[in-house]
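I set out here, in order, the points that I looked up in this structure. The sequence and the model are shown first.

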Amino acid sequence: MVRIYKKKTNRGEWCKESMKKAISDVLEKKLGYRKASLLYGVPRSTLERRVKEMKEKGEMKLVTPLGPIQPIFTLEEEEELVRYLKSMEARLLGLNSTELRQLAYQMAVINRKKK
């Protein structure tokens, strides 16, 4: 059994600040997609997609999903769940993995989360 997983690709390892600079340079027409991707070290196809989203929606989303499964909870909701788990553990009432899954499911139902 493998104990330490070694990542085989460099997918998603670009810097968010570099991507922001590259997007702003492309939108201001200072650089093209190819030159901006080479200069800032970001993937060209990702840069093109982010610029297109920026033009359509007007917002810059720099979260890098690595795979087909999208998170159900927001970061704030995850933090709330972690705080609850830590407080239960501090009271010596820690939850096992089954109880944690049930709690997460109940939280998703209450917050009307979709699959």
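In which helix does Ser37 lie? I found Ser37 in helix H2, residues 33-40; helices (H or I, at least four residues) are DSSP runs numbered from the N terminus. I note that this is a predicted model, in which local features need pLDDT of at least 70 and side-chain atom pairs count only at pLDDT 80 or more, while totals for chains, interfaces and linings use all residues. Residues are numbered from 1 along each chain as its sequence is written, and side-chain values use heavy atoms, with hydrogens and water left out.

**Entry on Ser37.** I looked up its cover next. Ser37 is buried because its relative accessible area is 10%; buried means under 20%, exposed over 50%, and partly exposed in between, with a 1.4 Å probe and protein chains only. Leaving aside neighbours within four places in sequence, I listed Val42, Pro43, Arg44 and Leu47 as being in contact with Ser37, where contact means heavy atoms within 4.5 Å.

**Entry on H1 and H3.** I then turned to a helix pair. The axes of H1 (residues 16-27) and H3 (residues 44-57) come within 10 Å and cross at roughly 65°. Such axes are lines fitted to C-alpha atoms, for helices over the stretch in contact, and the angles run from 0 to 180 degrees between N-to-C directions. I recorded the crossing of H1 and H3 as right-handed, that is, with the near helix turned clockwise from the far one by less than a right angle. On the H1 side the contact is made by Met19, Ala22, Ile23, Val26 and Leu27. H3 contributes Thr46, Leu47, Arg50, Val51, Met54 and Lys55.

**Entry on positive phi.** Most residues other than glycine have a negative phi. I noted Lys29, which is not a glycine, with a positive phi of about 60°. Lys29 is found in the loop between H1 and H2 and is exposed, with a relative accessible area of 74%. Arg112, also not a glycine, has a positive phi of about 55°. I placed Arg112 in the segment after H5, and Arg112 is exposed at 75% relative accessible area.

I located Glu78 in helix H4. Leu95 sits in the loop between H4 (75-90) and H5 (97-110), and Leu95 counts as partly exposed at 33% relative accessibility.

How values were computed. Helices (H or I, at least four residues) and strands (E, at least two) are DSSP runs, numbered from the N terminus.
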